[in-house]
Amino acid sequence: MARAVTTQRKAVNTAIAWAIGLLIFFPILWTILTSFKTEAEAIANPPLFFNFNWTLENYAVVQERSDYMRFLWNSVIIAGGSTILGILIAVPAAWSMAFVPSKRTKDILLWMLSTKMLPAVGVLYPIYLICIELGLLDNRFALVVILMLINLPIIVWMLYTYFREIPGEILEAARMDGATLKAEILYILTPMAVPGIASTVLLNFILAWNEAFWTLNLTAVDAAPLTAFIASYSSPEGLFFAKLSAASTMAIAPILILGWFSQKQLVRGLTFGAVK
């Protein structure tokens, strides 16, 4: 009897998980389907699901109108650069907070997290003026630094949580054997926290890839990433939903593929230390 109840409960939980997953995935699926419709079919009422004339015209128009590879390359540089720079800064910071804490460590962590509550528009004007004064407007380096600073509190928090799961005795033994601080972080701490660091890298890369507010306000042509590529299909004449969906599909495709192949590592990192 108990086994039957357990099996039934697992089936119900599985069904609920699938339902939630499909609900979350539906907007992406709808965007992909709309990208293969004509503009008339994209706004048809009632909506057309699979019973429409499939076409690649929207992708052809998008390719002719925009230099997709330039936007893609900018996104890779900006997201990748901000992620690498953030990790280089966050690893030593998280190490010091996890293994050499002070009385103010928790206060510092809470303060860092509180900065995420600040509306981005509240600091747009001063940052915009700084970029103008330094000649960094529409510049990829400026976006790398800005996005790194925006996501740094999350990176530090995640790494701090992962590092706390590593026994401090291991590092103490390394110090007794003569390991330097550099060797301790590079050759002992980092290999042990690879799952956590990998998931942090993936999450930060996704956040930087999807960032739209700063990229739209601080870029024009040269440093415009894929978020600006999508926004370019909104015009005073209105929204071209089919072409907008095609551009959106092309923009999210790389990150979807990356997430698909990295899902095992991401789940492993997010559950790192959960089971002892």
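I take contact to mean heavy atoms within 4.5 Å. The model is predicted, so I note that local features need pLDDT of at least 70 and side-chain atom pairs pLDDT 80 or more, while totals for chains, interfaces and linings use all residues. Numbering runs from 1 along each chain as its sequence is written, and side-chain values use heavy atoms, with hydrogens and water left out.

**S248**

I looked up S248 in helix 13 (residues 241-270); helices here are DSSP runs of H or I, at least four residues, numbered from the N terminus. S248 counts as buried because its relative accessibility is 14%; buried is under 20% relative accessible area, exposed over 50%, partly exposed in between, with a 1.4 Å probe and protein chains only. Leaving aside neighbours within four places in sequence, S248 contacts T31 and I230.

**Cores**

I then looked up nonpolar cores, meaning sets of buried Ala, Val, Leu, Ile, Met, Phe, Trp, Tyr and Cys residues joined through side-chain atoms within 4.5 Å. The largest has 32 residues, and W209, W214, L226 and F229 have the most contacts inside it. Among the elements giving two or more residues to this core are helix 3 (57-65), helix 10 (194-210) and helix 12 (226-231). Helix 13 gives the most, six residues. For W209, I listed contacts beyond four places in sequence, including L72, V76, L226, P254 and I255. A separate second core of 27 residues includes A98, M148, I166 and L189.

**Helix 9**

Helix 9 (residues 181-192) has 12 residues and reaches 16 Å from first to last C-alpha, close to the 16 Å expected at 1.5 Å a residue; the expected span is 1.5 Å times one less than the number of residues. Its buried residues are A183, E184, I185, I188 and L189. They pack against helix 4 (68-99), helix 7 (140-164) and helix 8 (168-176).

**Salt bridges**

I found three salt bridges, each a side-chain nitrogen of Lys or Arg within 4 Å of a carboxyl oxygen of Asp or Glu.

- E184 and R175 meet at 3.0 Å, N to O. E184 is buried because its relative accessible area is 2%, whereas R175 is partly exposed at 37%.
- K243 pairs with E39, the closest N and O atoms being 3.4 Å apart. This pair links helix 13 to helix 2 (residues 39-42), 204 residues apart. K243 counts as buried at 18% relative accessibility, and E39 is partly exposed at 22%.
- R104 pairs with D107, the closest N and O atoms being 3.2 Å apart. R104 counts as exposed at 57%, and D107 is partly exposed at 41%.
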